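Dear colleague,

I am passing on the structure we spoke about, with the sequence alongside.

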Amino acid sequence: MIGQRRVPSHPVFDAAFSAFAQGTLIQTENGQSAVEDLHPGDRVLTSDGQHTEVTWIGSASFSPSQGMARMPLTRIMAGSFGVSRPDSFISLGGGARLLQSQPGMARAREGQQVLTPASAFVDGVNVIEMSPPTPVRLFHIGLRRHAAIVAAGLEVESYHPGQNPLQHMSPTLSSVFMSLFPHVSTLTDFGPLRLMRVPDENGDLTAA
């Protein structure tokens, strides 16, 4: 199902559409494909070496100059996290999390990678923040199961709304949000979070 509509500017809405910049190469079972060329039913490579079915793709245009709706990009240079990680520069939006632990994190020392916002790695050299002068189109990808998608050699989280995305929303906004995902009926249909995310504002780690 393909649809187009206007939605309010809200962090939960923005996060659903702001992971991959247009042109990002996603590894599929048939080779690399630009994110904008993917379709539900395609199968993409995930960090566990499996190919998982795409169930939903969302995209939106963001203007860097719209005040509170500002959406800077995080550009990661080739090889920033090791050989071919990424294999070329990659630009990610505010909704992107990498399966990559920041240096010094306790769980990184334990050998467990954690999903971390791409923006957390900005160092001004290998990973930089960009504010394009014109609107940019960003995408996110939902899979049959929560996973990390291989994009340009990096592992980027597939879309998952989290455990309580609607708790601070009105019933009207909640209804609008759920209408963006015609492949699910309730939040539980997204399935469990299978990968650990960095601590939230309460210091809690979220995982399956």
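What follows is an account of the packing and pairing found in this model, which is a predicted one.

I begin with the nonpolar cores. The largest one has 25 residues, and those that touch the most other members are Phe20, Ile26, Ile76, Leu92, Leu98 and Ile141. At least two residues of this core come from each of strand 7 (90-92), strand 11 (136-143), strand 12 (148-151) and strand 13 (154-157), and strand 11 gives the most, with 3 residues.

The aromatic rings come next, and the count here is 9 aromatic pairs. One of these is formed by Trp56 and Phe181, whose rings are tilted, at 4.8 Å centre to centre and with 50° between the planes. Because Trp56 lies in strand 5 (residues 51-62) and Phe181 in the segment after helix 3, this pair ties together parts that are 125 residues apart in sequence. Trp56 counts as buried at 7% relative accessibility, and Phe181 is buried as well, with a relative accessible area of 0%. Another pair, Phe81 with Phe121, is edge-to-face, at 5.3 Å centre to centre and with 70° between the planes. Here too the pair links distant parts of the chain, since Phe81 sits in the loop between strand 6 (73-76) and strand 7, while Phe121 sits in the loop between strand 9 (115-117) and strand 10 (127-130), 40 residues apart. Both Phe81 and Phe121 are buried. Trp56 and Phe181 also belong to a cluster linked by ring pairs, together with Phe13, Phe17, Tyr159, Phe177 and Phe190.

Phe177 brings us to helix 3 (residues 171-179), in which Ser174, Val176, Phe177 and Met178 are buried. The buried residues of this helix pack against helix 1 (11-15).

Last, there is a hairpin formed by strand 2 and strand 3, with 2 residues between them. Strand 2 (residues 25-28) pairs with strand 3 (residues 31-34) in the antiparallel sense over 4 bridges, and the bridge partner of Gln27 in strand 3 is Gln32.

With best wishes

Terms used
Residues numbered from 1 in each chain as written. Predicted model: local features only at pLDDT ≥ 70, side-chain atom pairs only at ≥ 80, totals over all residues. Heavy atoms only, no water. Pairing = 2+ DSSP bridges. Buried < 20%, exposed > 50% of the residue type's maximum accessible area, 1.4 Å probe, protein only. Contact = heavy atoms within 4.5 Å. Core = buried A, V, L, I, M, F, W, Y, C linked by side-chain atoms within 4.5 Å. Phe/Tyr/Trp six-rings, centres within 6.5 Å; stacked < 30°, edge-to-face > 60°.
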